[in-house]
Amino acid sequence: MACVHSSFVIRHFFAKGVRMKRYAFNVRRFWAVVIKEFIQMRRDRMTFAMMIGIPLIQLTLFGYAINSNPKHLPTAVYAADNSQFSRTIVWALRNSSYFDITREARSEDEIKTMLAEGKVQFAVTVPVDFSRKLLRGEKPDLLLEADATDPAAVGFAMSAINQLALTVVNRDLTGPLAKLRAGPAPFTITTHQHYNPENISQYNIVPGLMAVILTMTMVMFTGLAITRERESGTMENLLSTPVHPGEVIMGKIVPYIMVGYIQVLLILVAAKFLFSVPIVGSVPLLLVLALLFIVAHLAVGITFSTLAQNQRQAMQMGMFFFLPNILLSGYMFPFRGMPGWAQDIGECLPLTHFLRIVRGILLKGNGLTECAPDLWPIALFLVVMLTIGIKRYRQTLD
Amino acid sequence: MSASDFAIDVRGVTKRFGTRTVVNNIDMQVRPGEIYGFLGPNGSGKTTFLRMLCGLLTPDGGSGQCLGLDFRKDSATIKKRVGYMTQKFSFYEDLSIQENLDFIARLYEIPGRKAAVEKSLERLGMVERRSQLAGSLSGGWKQRLALAACLIHEPQLLLLDEPTAGVDPKARRDFWDELHRLAAGGLTVLITTHYMDEASRCHRLAYIAYGNLLARGTVDEVVKAGGLTTWEVFGENLPALEDKIRGLPGVEQVVAFGTTIHVSGRDAEKLRASIAPFMTNAHHWTKIEAGLEDVFISLMDTAKDNFAQ
């Protein structure tokens, strides 16, 4: 189905071309290129490694290693006031999943050193007169110091401790002390999260990885496919045969569609069985919509390879394309957190839209209707890229 | 013979890269079934000319026919009837011999493709090696594969760009025998080469330097047109003699060959006057026919004088 549709697109372009009128798209020649690419793919161990290796490595790194809601952070406690309240606070910290009390300090200086040396992420100081002031209703300070070098690492924990200290202390203020229970805190942190109430990063990251991996590998595959022919001199030979640009381009796209699907399936299996990501929506729908996204990026690769002089340049262009994709698509950072201009750039990238589609289908159970607003930008992108690619493809060596 | 009887009949072919004229106003007529040698120093425009003939480069000027088709407008049709063998091996090194042939056969949409590939493997003696990767073949075998692939669609014209560079003498001889067999069957061959022995196996020659055609015709005609007088010298202490006569008026080339030296010049009288004092008993001088190589080097020097900028 895919290639029939695409060949129609190609023919449509050529019908408008000037030189191309003479001979139409030939399915047999196109098929010759497809077969050749398949054989070469099979022999090229590097491509094979990329096909399987990139998803595996990224799954391991992003799925297991990278966590946007880190827990069990090393924490030091300096309890200058050895009272019931401070013991309760330390006990509560120990019980929370965010803080691991790894050290107990005996002075303020010691705390400072531990933080400076990075031995702990957090340090909690219970001041000398903490319980006395608390009982007098003077609202004493409980000092939480954080190594905020990486703000993302401490954000969740910081908000957690606010809640924690309040509720824990309140529990100890019973009987006549009940009147001392702190009123509403000067700030409140309301967390109300849908779809991933436990804040499990993998639920968000693993489906996103599918889109990111496709963006990266698809562009590379076709980007290298044409520049490799030019670099090894086989392009001269290919151009001297009757083969048509559309046949070469489509012939190079089709085998990699299959590679794209292998990756999609690999990640879906990993999502389900390794990361237990809840798959709420329709997998067949996702597979159908993925085709558009895969072909769009293969077309980007083709366009790059017509612009690049050699494989190295095509590789660089791929990296250059990958960077805004990973930063501005909402994969790494929340899309709504970006300034307007960055969101505008993000909206032009197919990855942004496909991320919404994948997360929408897998996590929210979205159907075609909900996906439609993100489908047409990808389709538009594909048409633009294919047009540039075919227009730029030289039929001579001039 | 009328114009349309030529396999290649082009006039005023010109190609410029930027301000540099690489092929300058070249005329060429090649008869069907002829092996036409195309000679000239590196960078003289031979490859560019071949590429224009098979539609790989767009000419900036010129007109004419290739296989009865307008070589500037009908390049799509010409491609189907021409076999072009590039200077550098340009088949897929990660495909086997058979896979390469099969790919090319598919691109040309050859009817009875499998049989054609089989025939091609047999004719070139590659049946046992069919599944060997092209990248692992030696230079001679790569060249045979390239020729087989160029011939698989039974072209009417073969364009060969230095096909025998880096190939051993035996393989070269076999290659030329094959070319002569093909030409006898009616195939027209335009071949570029740097080897003089190969030049002399061509039916006719053209010599190009700095984009300009300097000489053409049969080997004898080219040698005659070169107007070179050559003396062969035997005798004692030839290196000393060489030093003495080199640079004398009329002495244009002094070339050592093992036990002899060749002394040549275009102005026969001046040359004779210069060498006369050395015609002693110590050395034996004979006037011989100029060699093709001497003629070409002489042509190139002349061209350098005429076209140097």
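Chain B is assigned two domains, domain 1 (3-223) and domain 2 (229-289); the bounds come from an automatic or database domain assignment. Their C-alpha centres lie 39 Å apart.

This is a predicted model: local features need pLDDT of at least 70, side-chain atom pairs count only at pLDDT 80 or more, and totals for chains, interfaces and linings use all residues. Residues are numbered from 1 along each chain as its sequence is written, and chains are lettered from A and ligands numbered from 1 in the order in which they are written.

**The sheet of chain B**

Four strands of chain B form an open, antiparallel sheet, ordered E12-E13-E11-E14. Strands (E, at least two residues) and helices (H or I, at least four) are DSSP runs, numbered from the N terminus. Pairing requires at least two DSSP bridges between two strands.

| Strand (chain B) | Residues |
|---|---|
| E12, edge | 253-257 |
| E14, edge | 283-288 |
| E13 | 260-265 |
| E11 | 229-235 |

Each edge strand pairs on one side only. Neighbouring strands are turned by 25° on average, direction ignored. Five bridges join E12(B) to E13(B). B:Val254 stands opposite B:Val263 in E13(B). Helix H9 (238-245) of chain B packs on the sheet and touches E11, E12, E13 and E14 of chain B. Its direction makes about 170° with that of E12(B). Axes are lines fitted to C-alpha atoms, for helices over the stretch in contact; angles run from 0 to 180 degrees between N-to-C directions.

**The contact between chains**

Chain A gives 22 residues and chain B gives 24. Contact means C-beta atoms, placed from the backbone, within 7 Å. On chain A, helices H2 (27-43) and H9 (234-239) each give two or more residues. H2(A) gives the largest share, seven residues.

Note on methods. Two residues are in contact if their C-beta atoms, placed from the backbone, lie within 7 Å.
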